[in-house]
Amino acid sequence: MTSFHVRPARTADVRGIQEILEPFVQRRILLGKDIVVLYESVQQFLVAEDENGRLIGCGALHVMWEDLGEIRTLIVVDEWLHHGVGRALVEGLEEQARVLGLTRLFCLTFEVDFFVRRGFAPIGEQIVDPDVYSQLVRSPDEGVAEFLDLAHVKPNTLGNTRMLKQL
């Protein structure tokens, strides 16, 4: 374990992303995603790979509104924890967010200390104005529902902390 690099995901990475996601689903840390959903969102992902080309982490940036995105499906395989992989993925996703013109990033996480060190802070209930809320509530995306703290996703979010970062 000496070096790794971060790059945009390709369709050939999707099965590997699902493979590293599955243990976190089994531990009830992350929600599972159907393979078709991963293929549909592959362009949102960055992956980290070791010097042998093995996937060791991933993360996705999902645009929610004109100024707001979400970091989701941030995973680092256990043996690469505390080696800078998560930090590198978040930094890459933040750079993508800036390029897109986003000024705020949301995450829903159990890893509060990690995200606090990256400049995120816990948030309260309502952080968008009522007009934006009325538009976002129409989204079929579960991540948007989690951001809005809607009742139907609460069983999936128990114990998680909703956090936000100003870019």
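I began with β5 (104-109) and strand β7 (residues 161-166), which pair in the antiparallel sense over six bridges; helices (H or I, at least four residues) and strands (E, at least two) are DSSP runs numbered from the N terminus, and I call two strands paired if DSSP finds at least two bridges between them. I noted T161 in β7 as the bridge partner of T109. On β7 I also found strand β6 (residues 121-122), paired in the antiparallel sense over two bridges, with P122 standing opposite M163.

**Basis.** This is a predicted model, in which local features need pLDDT of at least 70 and side-chain atom pairs count only at pLDDT 80 or more, while totals for chains, interfaces and linings use all residues. Residues are numbered from 1 along each chain as its sequence is written, and side-chain values use heavy atoms, with hydrogens and water left out.

**Cores.** I next looked up the nonpolar cores, each a set of buried Ala, Val, Leu, Ile, Met, Phe, Trp, Tyr and Cys residues joined through side-chain atoms within 4.5 Å; buried means under 20% relative accessible area, exposed over 50% and partly exposed in between, with a 1.4 Å probe and protein chains only. The largest core has 34 residues, of which I17, F45, C58, V85, F115 and F120 touch the most other members. The elements that each supply at least two residues of this core include α1 (14-26), β3 (55-65) and α3 (85-100). Apart from it I found another core, of nine residues, among them F106, L108, V144 and L164. For I17, I listed contacts (heavy atoms within 4.5 Å) with A9, L38, F45, V47, L55 and C58, not counting residues up to four places away in sequence.

**Cysteines.** C58 is buried at 0% relative accessible area, and C107 is buried at 1%. My search of the whole structure for disulfides, meaning pairs of cysteine sulfur atoms within 2.5 Å, found zero.

**Rings.** I found three aromatic pairs, where rings of Phe, Tyr and Trp (its six-membered ring) pair if their centres lie within 6.5 Å, and planes under 30 degrees apart count as stacked, over 60 as edge-to-face and the rest as tilted. Because F4 lies in strand β1 (residues 4-8) and W80 in the loop between β4 and α3, the pair ties together parts that are 76 residues apart in sequence. F4 is partly exposed at 25% relative accessible area, whereas W80 is buried at 4%.
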